[in-house]
Amino acid sequence: MSLLQVQDLHVHYGGIAALRGVSLQVQAGETVAVIGANGAGKSSLLKAIARLIPAQGQLSFMGQDLTAFSAHQLKARGLALVPEGRAIFADMSVAENLQLGAYGRQDVAAVASDMEALCQRLPRLRERWRQRAGTLSGGEQQMLAMARALLGRPQLLLLDEPSMGLAPIMVQQIYSMIAEVQNQGVAILLVEQAARRALQICSQALVLEQGRVVLAGAGNELANDDRVRRVYLGGD
Ligand SMILES: Nc1ncnc2c1ncn2[C@@H]1O[C@H](COP(=O)(O)OP(=O)(O)OP(=O)(O)O)[C@@H](O)[C@H]1O
Ligand SMILES: [Mg+2]
């Protein structure tokens, strides 16, 4: 049984069709990448899976129909979205943002040890513990957003363009954090316009164009596909 199963998903904004029949699967512990140009429907896909926007089609998570759950219930069941542009709470402190990530968890001792482990791993966040999150750099905000999502102990992490707008050194740090999440056995559905890295770290990948999957296969296969190289990898 797949962890996530998406079948014939459609999303419309008024008269505009953003997704036109997308199907995909994510197995437990696996990373699947979705690449595509601006407006291809990548964010709409993740938002529809996270139940933040209405969609038609079948969505199941751990064998259960996703449409029976609200976005909030999904988080408690192990599905977490780190949205495009991070969506941290700018006026709240770093600590408060992190505490929100653990909201609803009853295992207080485990939350404390998860929090401690994250702080060890991300000393920058600890140094800025009481600082307003809006004053963090873009890369630090991305780290905070990911750390917040991880505090919900997800089984599936939806990442919407985690490297967008970041300097190369920061991108590297974000991707090493992603690698650690993979090593912990968390499944990831990763959306990126910067396709190269995404294709390197995923097992399966899809190319989305105008709301449709036009190509799918193993990450390394797609990385060697002529068309993918030309259109998404800058021609080399
Ligand atoms: N709230 C909205 N209202 C109307 N149209 C929308 C809305 N959100 C997205 N769209 C349209 O749906 C299509 C897909 O948008 P989406 O944000 O999913 O693309 P994307 O692949 O994430 O793009 P980007 O790489 O720029 O983030 C686009 O044509 C966009 O203009
Ligand atoms: Mg987007």
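## The whole chain

First things first: this is a predicted model. The chain folds into ten helices and ten strands.

How does the radius of gyration of the chain sit against that of a compact globule? For 236 residues such a globule would come out near 18 Å, and the chain has 17 Å, so the two agree. Of the 236 residues, 48% count as buried. If you take the contacts with a separation of 6 or more, 67% of them link residues 24 or more positions apart.

## The six-stranded sheet

Six strands make up an open sheet, and if you walk across it the order is S6-S7-S8-S3-S9-S10, with mixed pairing. At the edges you'll find S6 (79-82) and S10 (212-218), each of which pairs on one side only. On average, neighbouring strands here are turned by 15° against each other, ignoring direction.

As a general point, strands of a sheet pair through backbone hydrogen bonds, in either a parallel or an antiparallel sense. Zoom in on S3 (residues 31-35) and S8 (residues 187-192): this pair is parallel and has five bridges. One handy landmark is threonine 31, whose bridge partner in S8 is isoleucine 188. Packed on the sheet is helix H7 (residues 168-183), which touches S3, S7 (156-160) and S8. The direction of H7 makes about 155° with that of S8.

## H6 against H7

Now look at H6 and H7, whose axes come within 10 Å and cross at roughly 10°. Because that angle is under 35 degrees, H6 counts as roughly parallel to H7.

Which residues meet where these helices touch? H6 brings Gly139, Glu140, Gln142, Met143, Met146, Ala147 and Leu150. From H7 come Met170, Gln173, Ile174, Met177, Ile178 and Val181. Sorted by class, the contact has nine nonpolar, three polar and one charged residues.

## A closer look at glutamine 142

Glutamine 142 sits in H6 (residues 138-150). Is this residue buried or exposed? Its relative accessibility is 2%, so glutamine 142 counts as buried, the cut-off being under 20%.

Who surrounds it? Setting aside neighbours within four places in sequence, glutamine 142 is in contact with Val82, Arg86, Pro162, Leu166 and Ile174. Of these, Ile174 is among the H7 residues in the helix contact described above.

## Two positive phi angles

Most residues other than glycine have a negative phi. Arginine 153, in the loop between H6 and S7, has a positive phi near 45°. Glutamate 161 also isn't a glycine, yet its phi is positive at about 50°; you'll find glutamate 161 in the loop between S7 and H7.

For glutamate 161 the value is 5%, which means it is buried.

Conventions: Residues are numbered from 1 along each chain as its sequence is written. Chains are lettered from A and ligands numbered from 1 in the order in which they are written. This is a predicted model: local features need pLDDT of at least 70, side-chain atom pairs count only at pLDDT 80 or more; totals for chains, interfaces and linings use all residues. Side-chain values use heavy atoms; hydrogens and water are left out. Helices (H or I, at least four residues) and strands (E, at least two) are DSSP runs, numbered from the N terminus. Buried means under 20% relative accessible area, exposed over 50%, partly exposed in between (1.4 Å probe, protein chains only). Contact means heavy atoms within 4.5 Å. Two strands pair if DSSP finds at least two bridges between them. Axes are lines fitted to C-alpha atoms, for helices over the stretch in contact, and angles run from 0 to 180 degrees between N-to-C directions. Angles under 35 degrees count as roughly parallel, over 145 as roughly antiparallel, 65 to 115 as roughly perpendicular and the rest as oblique. Ala, Val, Leu, Ile, Met, Phe, Trp, Tyr, Cys and Pro count as nonpolar, Asp, Glu, Lys and Arg as charged, and the others, Gly among them, as polar. The radius of gyration is taken over C-alpha atoms; the globule rule is 2.2 Å times the number of residues to the power 0.38.
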